[in-house]
Amino acid sequence: MSKKHIVVDPITRIEGHLRVEAIIDENNTIVDAYTSSTMFRGIETILKGRDPRDAGLLAMRICGVCTGTHYQRSIEAAEDAMGITIPKNARIVRNLIQGALYVHDHLVHFYHLHALDFVDVVSALKADPAKTSEEAVKWAKVAGTNPYIEGAGQFKEIQDRVAKFVKQGRLGIFGNGYWGNKHYKLTPEQNLIGVAHYLKALDIQRDLAKMQAIFGGKNPHPQSIVVGGVTCVQDIKNPARIALFKQLLQDGTKFIKQAYLPDVYMAGTMYADEATDKSATFSALKKGKGVGGTGGGLLNFMSYGDFRLDDTGFYKSALLFPSGVVLNGDLTKVHPFDPSKVVEDVTHSWYEGEKPLHPYDGQTEPHYTGLEKKEDGIAYLKTDEKYSWIKSPIYNDERMEVGPLARMVIGVAAGDKRITEYVTKFLKNGNLPTEVLFSTIGRTAARAIETELMADVMVEWVDELAKNVAAGDDSTWTEFDFDYVTKDTKGVGLAEAPRGALGHWMRIKDGKITNYQAVVPSTWNAAPRDYKGRMGAYEAALIGTKVADPEQPLEIIRTIHSFDPCIACAVHVVDTKGKELGVYKVDTGCTI
C-alpha cells in the first residue's frame, strides 16, 4: 500500500505557529495526522512571584487576537481566590467587552482567515454581476433577510477592482491561493459574493473593534478591568457612550444577518455532501460507524459556561452558555462539568513531567527534544516521542473539543431555550440535518449561529446597563482587604473565549503568585497525542478527509481553520521522501 506524507508548516491565516503532518493512502484519504505548535509561550513562568492584581496585564499578552479574554480570566482567578463578588455594572460591562470580542473575532475569522478555503477568488472574475445580485437575494432570503449588497452595479465595481489587480499582477494577499482546485465548489457568482463581503468586512470589523474600546479603554488589550470590578465609571455614566456602543452593535448586526449568515448558508449547502459523508470521519475509523461528516473529529464536547446573567457570585449565576460535557455526539445527555477532573499530560509535549497534573499543580519546564534527522532538507516530527509545545489536556480521562460548536451542541443537549432556538432556526432555514453540525462545515456554521445570538443578546445587556445607571447605581468596584485575603489561597478563572474553554489557575501565598497555569482553547484542540496515544481534536478532525491534490492540501487547511487556531508567512509542502513540492510566501501588503 502506497502512502504519502504531507507536511504543512506553518499553517497560515491563523494566530501563532502551527505545523501539520498528515499521512494519506493510495486514495488520497488522510489515515493519520499530527499537529505541532512550534513556538514556546512560557507566560506561566513569567507570572510566578508577581502580585496577583497585576497578573491580568501580563496574562493578556498571551495573545493579541483573543484580546481581553485572558485579561478577564486572570482577573477572575484572583477574584475567585479572594472571594470577591463584583457589582452589577461591572458584570454587565465585562459581558459587553467580551461580547464585542466574540462578534469581532468570529466575523474576522470567517471572512479574513477561513472564507478563502471556500471562495475561489480567481473564479469570481468569471461571474455575471446581474446573476450575482440574484444569487445574493436567494441566500439572503434563506436567512430571512435582505442582501447586504444589492444590485449588479456594486458587484460589477468590486469585480472590476479585483480584475484590475489581477491584470497588473498585484493580487497581494490573494496571490498564492489554490485557485482552481476541484474542491472549490462555489459557482463564479457565489465566489464574487464571497469576495465582495470579504472586502466589506474589512470596514465592519474596524467598527466592531471600537465597541470593545468604548468600555475597555483600547483595543487590542483593553485595560479597564481590575480585581474587584471595572474602572470605566465615566463611560457608563455618559449616555452618549452607551448610545455609540449600541449604534456600532446594530450596524455590525446588520452585516452579520445580511451577509455573514447568508454566506454560511451558501457554503453549507454547496458543501453539504462533505458535511454528511459518514465515511470521512474519525468515528468511522474508531467505531466502524461514522457520525456526521468530513472534519467531525472526536465528538466529545466540553464547555466551562460563560456570560453571567445575574449577580449571585462566581460559578453560581445563570449563564448564557451552559457548562457541561457531551460524549460521542450524544445530544440526549449532558454530563455536569467538574473542574477537578481537568489535567494536562506532557507525554508527547516538549516539557518535563511523568504524569498528568491538575493545573493547580501544573509545571511548565521546557524539554525540547528536536525533530528527526533531515531528509532531503526536511525534518519530520518525532511522532513516537515529543513533538509539540502544546500540552495535552484531558477531562475525566477523555479528549475533548472546545469552541463554538461545543457551546452550541451542549446548549442544545441541555435544552437551553435560546441556543436551541437559534440552532434549530439555522438548520430549518438551510434545510440541513442536525448531523451536519458534526463536520468542518458544522463547526463553521456553529460560529455564525453564535455570532447572531451574541449580537442579539448584547442589545439586551446594553439596555440593562443604561437602565441600571439611570436608576442611580454607578457602582463599578468592590472593596477588599488585599493583605487579609491573600495569605494562602487559590482561585480559577473559568469561562469561554471565542475559541472555547479557557481556564487560568492561580495559587497565591503572602500576596504573591506561587504557581500559575493557563489552559487555553487551542491547547484543548491543537494538542498532540496523550499518554494513551489518543489524538487531539485537530488530529482527529483530519482523519478520513479526502485530499483532491496532495500538492494543494486545501482540505487540511479548511478543517484546521474551522477551529480558528490561535496558536505566521510561508507554507511548505513535501512528499513522503522529504522532497519539497512547493513554497508559498504570503505578501501581507494588499492595496485592493
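## Strands that pair

Two strands count as paired if DSSP finds at least two bridges between them. With that in mind, let's look at this predicted model, starting with strand E13 (residues 500-509), which is joined to E14 by seven bridges and runs antiparallel to it. Across this pair, Arg507 stands opposite Asn515 in E14.

These strands belong to an open sheet of three, in the order E12-E13-E14, with antiparallel pairing. Strand E12 (488-497) and strand E14 (512-519) form the edges, each pairing on one side only. From one strand to the next, the twist averages 15 degrees.

## A strand covered on both faces

Now turn to strand E10 (residues 342-345), which is linked to E11 by four bridges in an antiparallel arrangement. Here Asp345 stands opposite Ser392 in E11.

In a regular strand the side chains alternate between the two faces of the sheet. What covers strand E11 (residues 392-395), one face or both? Both faces are covered: Ser392 and Ile394 are buried on one side, and Pro393 and Tyr395 are buried on the other.

## A serine in a loop

Ser317 lies in the loop between strand E7 (306-308) and strand E8 (319-321). Is Ser317 buried or exposed? Its relative accessible area is 9%, and buried means under 20%, so Ser317 is buried. Leaving aside residues up to four places away in sequence, Ser317 touches Arg308, Leu309, Asp310 and Thr312.

## The largest cavity

The largest cavity has a volume of about 80 Å³. Among the residues lining this cavity are Glu344, Val346, Leu357 and Lys391. The lining as a whole divides into two nonpolar, three polar and four charged residues.

How values were computed
Residues numbered from 1 in each chain as written. Predicted model: local features only at pLDDT ≥ 70, side-chain atom pairs only at ≥ 80, totals over all residues. Heavy atoms only, no water. 1 Å grid on protein atoms, 1.4 Å probe; cavity = no way out; pocket = protein on both sides within 12 Å on 5 of 7 lines; lining within 4 Å. Points joined across faces, edges and corners; volume = space filled by probe spheres on them. Nonpolar A, V, L, I, M, F, W, Y, C, P; charged D, E, K, R; others polar. Buried < 20%, exposed > 50% of the residue type's maximum accessible area, 1.4 Å probe, protein only. Helix = DSSP H or I, 4+ residues; strand = E, 2+ residues; numbered from the N terminus. Contact = heavy atoms within 4.5 Å. Axes fitted to C-alpha atoms, helices over the stretch in contact; angles between N-to-C directions.
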